[in-house]
Amino acid sequence: MNVHINTERLLSRIDQLGRIGALPGGGCKRLALSAEDAEGRALVTGWFRTLGLEIHTDVIGNTWAIRRGRKHLPPLVLGSHIDTVATGGLYDGVLGVLGGLEVIESVIDAGIDTEYPLAVAFFTNEEGARFAPDMMGSGVSQGGLELGEMLGKVGIDGKSVGDALDAIGARGSEPVGALTPSAYLELHIEQGPVLESECLEIGVVTGVQGISWTEFTISGRSSHAGTTPMALRRDAGAVAAAIATEARAIARDFGPPQVATVGRMSFTPDLVNVVPEQAVLTVDLRHTDEATLKAAEKRLFETAEELASAEGCTLARQTLARFEPVAFDTDLVDQIVSGAVRLGLSHRKMPSGAGHDAQMFAPNCPSAMIFVPSQGGISHNIHEFTAPEDLANGVRLLAEVALERACVVQPEGQTA
């Protein structure tokens, strides 16, 4: 049963939320549990309240709103996140939340009842930009991450998750595990170039590749850049650069879909004429196969130790995040394919290269994702853009699958 998706209402809400933490030139900055995040939460929760939905918030700030079904059953959850990176766009995460809200409001407008409750949710600190690891709220909710440990995590500004929750009043009363979906569906922009390059409207996501984030700290000896011979240096910066080069070599040697990224690197004392005594860098490794990801980690860690030792430096490493590859529910994936066919939307199956809240739900309930194209493959960037017709197509398909999954109640005298 189709419902009418109000694209103008969807676009208006995306625009309103995007004004919170707006950046010059476009995009926005709403780091998790910041003042801007608090304002975004209040706006979205206000929309939930206007529709008369039953609102819940748990102890790590995850918030969901339920439209009750005819039967007392676990809800079908449509969700994502509203926090952003420091140079975020308007659609990453937001589409999944506001698209889910649009589905529920369109169902209400059409006067449709469902057997299963429908819920829309947003989860705390999906991005991991302020606090590591990412997918924190959904991970705690679904038992993949331990609450106490996550509350104690200290962010880039020196504040803990627990303190930040309390500072903006985002800590709720619902316990860990209070959200138990019958299934979980997440609509998201692709954040990559594949759909656009193949002129396709929909990506049917089969799973999420594994993610390994490691922070390396190299300690050497500070010395004068002009008077210290190269052979007598203990240059932490040189080791960091060599580790970064090795990460790139791993991606080249292992081949697609292996990727490796050095996202952060800093030197101390950070002076042009001083050999660094300390360097800190992060390496992000990703692959769809767990055994291959482990092999990439092994090579990286062993080579980093060898490079540090050869330079007379010491090396410490810390795991910031580690998630195994996740496969989504095949039946739900097939339902998305069937829905795309019914709606006449061009599509392909594909894995996700980025991490998403859906992967945290996958061990506990049928879960899957729908991608829509990202113009130029750009995301985590103020120029992130998805065309209105692509946004609408994604929400139409989300509604199609959600209503099938939630079991529409047929009027008397009619059969399904």
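User: How many of the 16 residues of H3 are buried?
Analyst: In this predicted model, helix H3 covers residues 94-109 and reaches 22 Å from its first C-alpha to its last, close to the 22 Å expected at 1.5 Å a residue. The helix is largely enclosed by the rest of the structure, because the number of its 16 residues that are buried is 14.

User: Which residue just after H3 takes a positive phi?
Analyst: Helix H3 runs over residues 94-109. Just after H3, a positive phi of about 70 degrees is taken by Gly-111.

User: How far apart are the end C-alpha atoms of helix H8?
Analyst: Helix H8 has 19 residues, 236-254. At 1.5 Å a residue they should span 27 Å, which agrees with the distance between the end C-alpha atoms, 27 Å.

User: Which backbone nitrogen does a side-chain oxygen of Asp-235 reach at the start of H8?
Analyst: The contact is at the start of H8, and the oxygen belongs to the side chain of Asp-235. It comes to within 2.9 Å of the backbone nitrogen of Gly-237.

User: What covers the buried residues of H8?
Analyst: The buried residues of H8 include Ala-236, Val-239, Ile-243, Glu-246 and Ile-250. Their cover includes the strands E7 (210-219), E9 (259-261), E10 (265-268), E12 (278-287) and E13 (314-323), and also helix H9 (290-310).

User: Which residue follows H8, and what is its phi?
Analyst: Helix H8 consists of residues 236-254. It is followed by Gly-255, with a positive phi near 80 degrees.

User: Where is Pro-257 found, and what is the omega of the peptide bond from Pro-256?
Analyst: Most peptide bonds are trans. The bond from Pro-256 to Pro-257 is cis, and Pro-257 is found in the loop between H8 and E9. The omega of this bond is near 10 degrees.

User: Which loop holds Pro-269?
Analyst: The peptide bond from Thr-268 to Pro-269 is cis, with omega near 10 degrees. Pro-269 has its place in the loop between E10 and strand E11 (274-275).

User: Is Asn-125 buried or exposed?
Analyst: Most residues other than glycine have a negative phi. Asn-125 has a positive phi, near 50 degrees, and lies in the loop between strand E4 (118-122) and helix H4 (136-141). Its relative accessibility is 2%, so Asn-125 counts as buried.

User: Is Cys-199 buried or exposed?
Analyst: Cys-199 is not a glycine, but its phi is positive, about 55 degrees. The residue lies in the loop between helix H7 (194-197) and strand E6 (202-208). The cut-off for exposed is over 50%; with a relative accessible area of 68%, Cys-199 is therefore exposed.

User: Which side chain makes a polar contact with the side chain of Ser-223?
Analyst: Ser-223 is found in strand E8 (residues 223-224) and is buried, with a relative accessible area of 16%. Not counting residues up to four places away in sequence, Ser-223 touches Thr-228, Asn-273, Val-274 and Val-275. The polar contact, at 3.3 Å, is with the side chain of Thr-228.

User: Which element gives the most residues to the lining of the second largest pocket?
Analyst: The second largest pocket has a volume of about 160 Å³. Of its 14 lining residues, the closest to the centre are Arg-41, Thr-45, Thr-63, Gly-169 and Ala-170. The elements that give two or more residues to the lining are helix H2 (35-50) and strand E1 (54-57). The most, four residues, come from H2.

Methods. Residues are numbered from 1 along each chain as its sequence is written. Side-chain values use heavy atoms; hydrogens and water are left out. On a 1 Å grid over the protein atoms alone, a cavity is a set of points where a 1.4 Å probe fits but cannot get out, and a pocket is an open set with protein on both sides within 12 Å along at least five of seven lines; lining residues have an atom within 4 Å of a point. Grid points are joined across faces, edges and corners, and a volume is the space filled by probe spheres set on the points. The expected span of a helix is 1.5 Å times one less than its number of residues. Buried means under 20% relative accessible area, exposed over 50%, partly exposed in between (1.4 Å probe, protein chains only). Contact means heavy atoms within 4.5 Å. A polar contact is a pair of N or O atoms within 3.5 Å; within protein, one must be able to donate a hydrogen and the other to accept it, and residues adjacent in sequence count only if both atoms are side-chain atoms.
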